[in-house]
Amino acid sequence: MPTAVEAVRAGAVNYLAKPAHADAILDAFSPDGASENEAADSLDTPSLASIEWEHIHRVLEDVDGNVSEAARRLGLHRRTLQRKLSKYPPPR
């Protein structure tokens, strides 16, 4: 990890850690710096977990932070929602 930080500070565009796969090496030498697979992944499709989290926060905002009412609207047990919120509390 320290060598990666030094390389980026020195202006490196690509850094490959050992062992590197052949595809990663070829991608590093491609003119645009990204393979077709990386281009498809760069669309920033949100994960299911992030969509769920955004929905939970939206419902919490709609009920002014009332966990019991939010749990009812989400179809969750109140304690289940409290556990999720304690793991990743909403921004204040």
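His 57 has its place in helix α4 (residues 48-62); helices are DSSP runs of H or I with at least four residues, numbered from the N terminus. The model is predicted, so that local features need pLDDT of at least 70 and side-chain atom pairs count only at pLDDT 80 or more, while totals for chains, interfaces and linings use all residues. Residues are numbered from 1 along each chain as its sequence is written, and side-chain values use heavy atoms, with hydrogens and water left out.

**Exercise 1.** Determine whether His 57 is buried or exposed, and identify the side chain with which His 57 makes a polar contact.

*Solution.* Step 1: the relative accessible area of His 57 is 13%. Step 2: buried means under 20%, exposed over 50%, and partly exposed in between, for a 1.4 Å probe and protein chains only. His 57 is therefore buried. Step 3: its side chain makes a polar contact with the side chain of Trp 53, at 2.7 Å. A polar contact is a pair of N or O atoms within 3.5 Å; within protein, one must be able to donate a hydrogen and the other to accept it, and residues adjacent in sequence count only if both atoms are side-chain atoms.

**Exercise 2.** Describe the salt bridge of Glu 52.

*Solution.* Step 1: a salt bridge is a side-chain nitrogen of Lys or Arg within 4 Å of a carboxyl oxygen of Asp or Glu. Step 2: Glu 52 pairs in this way with Lys 84, the closest N and O atoms being 2.7 Å apart. Step 3: the pair links distant parts of the chain, Glu 52 lying in helix α4 and Lys 84 in helix α6, 32 residues apart. Step 4: Glu 52 is partly exposed at 38% relative accessible area, and Lys 84 is partly exposed at 26%.

Terms used: Helix = DSSP H or I, 4+ residues; strand = E, 2+ residues; numbered from the N terminus.
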